[in-house]
Amino acid sequence: MTSQVFKQLQTHLESQVIGQQELVKQLLVALLADGHILVEGPPGLAKTRAVKSLADCIEGEFHRVQFTPDLLPADLTGTDIYRPETGEFQFQAGPIFHSLLLADEINRAPAKVQAAMLEAMAEKQITAGRHTYPLPELFLVMATQNPIEQEGTYPLPEAQLDRFLLHLDVDYPDEQSELAILRLNRGEAQGHQTQQPITISQKEIFAARQEVLNVHMAEPIEQYLVRLIMATRAPQDYDSELAQWLAMGVSPRATIALDRCARAHAWLEGRDYVSPDDIQKMIFPVMRHRLLLSYQAQAQGITSSQVIDRLLTLVGSA
């Protein structure tokens, strides 16, 4: 029953975020796998709209934070405020205490703010003064990066990128989708009634997460997953060119992420078991930001996606 609700949610989001089916699906995968997502793409491709549309359908609060070079960690987490009437300090919660948080252009904030954000994502708590405050049980961060403009940005270190469950590249929609976007926007500007969003309770989300964890993964599929991981750490065992491309393989965190995301993908497809196809589809957003390419690969213009393609070719699923 829960899977039908999520299928309805996916259909609704695709009607609101036209031409970005992959973004919609990966948002739902991140929600089901209890992780955070980093989205990279040019401005104006409905990244903010996607998260807002999702927030409209979920029982929980949404907040958007525009990251800037002058942002301070306390602007994000909150701080202790002195109350003269009581003579005591009282904690004033920051925007991070929301169920869904859009961290817009996260690479524009300095290292201290990024560290505060990523620590909260990993620990699900923040510390202010002498006290530690837990974040909401349902806590999903979608951070965006603009790959075009690099002036005044602070690139996220590889160790911090690893905190994101998924890294998604968003591209321009096709011609038919562009036409549908135009008509949808015109209708909204004219005040036409759009499709009413469905509402999913947090209880249903937590129940769905348990169902995802119970999705069956056969031992040969587990072995295939681990072989893909190990191939990034010992690429010389598979291909000399692959060994030249990779400076460092992925961590065990990638193994866990690929397992959780493959289960979530299978569940969204209506299956109670994981197939090699689930792993092959989810390996790109799971590994894209975790592979450390060599200087030689970067000089040749090799991308992480090309490396993953080569991995899938070299490592058989049988």
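These legends describe one overall view and several close-up views of a predicted protein model.

The model is predicted, so local features need pLDDT of at least 70, side-chain atom pairs count only at pLDDT 80 or more, and totals for chains, interfaces and linings use all residues. Residues are numbered from 1 along each chain as its sequence is written, and side-chain values use heavy atoms, with hydrogens and water left out.

**Figure 1. The whole protein.**
The protein has 14 helices and 11 strands. Helices (H or I, at least four residues) and strands (E, at least two) are DSSP runs, numbered from the N terminus. The C-alpha atoms fill a box of roughly 70 × 45 × 40 Å, taken along the principal axes.

**Figure 2. Surface, cover and charge.**
Of the 318 residues, 48% count as buried. Buried means under 20% relative accessible area, exposed means over 50%, and partly exposed lies in between (1.4 Å probe, protein chains only). The protein exposes about 15700 Å², and carbon and sulfur atoms supply 50% of that area. Accessible areas come from the Shrake-Rupley method with a 1.4 Å probe; for residues, only the protein chains shown count as cover. There are 26 positive and 40 negative charges, and their mean positions are 1 Å apart. Lys and Arg count as positive, Asp and Glu as negative; His and the chain ends are not counted. Each charge is placed at NZ of Lys, CZ of Arg, CG of Asp or CD of Glu.

**Figure 3. Helix α2 and its cover.**
Helix α2 covers residues 21-32. Its 12 residues should span 16 Å at 1.5 Å a residue, and the end C-alpha atoms are 17 Å apart, which agrees. The expected span is 1.5 Å times one less than the number of residues. Is α2 mostly covered or mostly open? The helix is mostly covered, with 10 of its 12 residues buried. Among them are Leu-23, Val-24, Leu-27 and Leu-28. After α2 comes Asp-34, with a positive phi near 55 degrees.

**Figure 4. Leu-13 in helix α1.**
Leu-13 is found in helix α1, residues 2-16. Its relative accessibility is 1%, so Leu-13 counts as buried. Which residues does Leu-13 touch, not counting residues up to four places away in sequence? They are Val-24, Leu-28, Ser-53 and Leu-54. Contact means heavy atoms within 4.5 Å. Both Val-24 and Leu-28 are buried residues of α2.

Glu-105 lies in the loop between β5 (100-104) and α5 (111-123). Its phi is positive, about 55 degrees, although Glu-105 is not a glycine. Lys-124 has its place in the loop between α5 and β6 (125-128). Phi of Lys-124 is also positive, near 55 degrees, in a residue other than glycine. Lys-124 counts as partly exposed, at 24% relative accessibility.

**Figure 5. Arg-253 in helix α11.**
Arg-253 lies in helix α11, residues 252-268. With a relative accessible area of 39%, Arg-253 is partly exposed. Leaving aside neighbours within four places in sequence, Arg-253 is in contact with Ala-159, Asp-162, Arg-163 and Arg-290. Pro-155 is 98 residues from Arg-253 in sequence and 21 Å from it in space, C-alpha to C-alpha.

**Figure 6. Two loop residues, Asp-174 and Ser-294.**
Asp-174 sits in the loop between β9 (166-169) and α7 (175-189). Its relative accessibility is 49%, so Asp-174 counts as partly exposed. Ser-294 lies in the loop between β11 (292-293) and α13 (295-299). Is Ser-294 buried or exposed? Ser-294 counts as buried, at 12% relative accessibility. Its contacts, leaving aside neighbours within four places in sequence, are Gln-244, Trp-245, Leu-246 and Ala-247.
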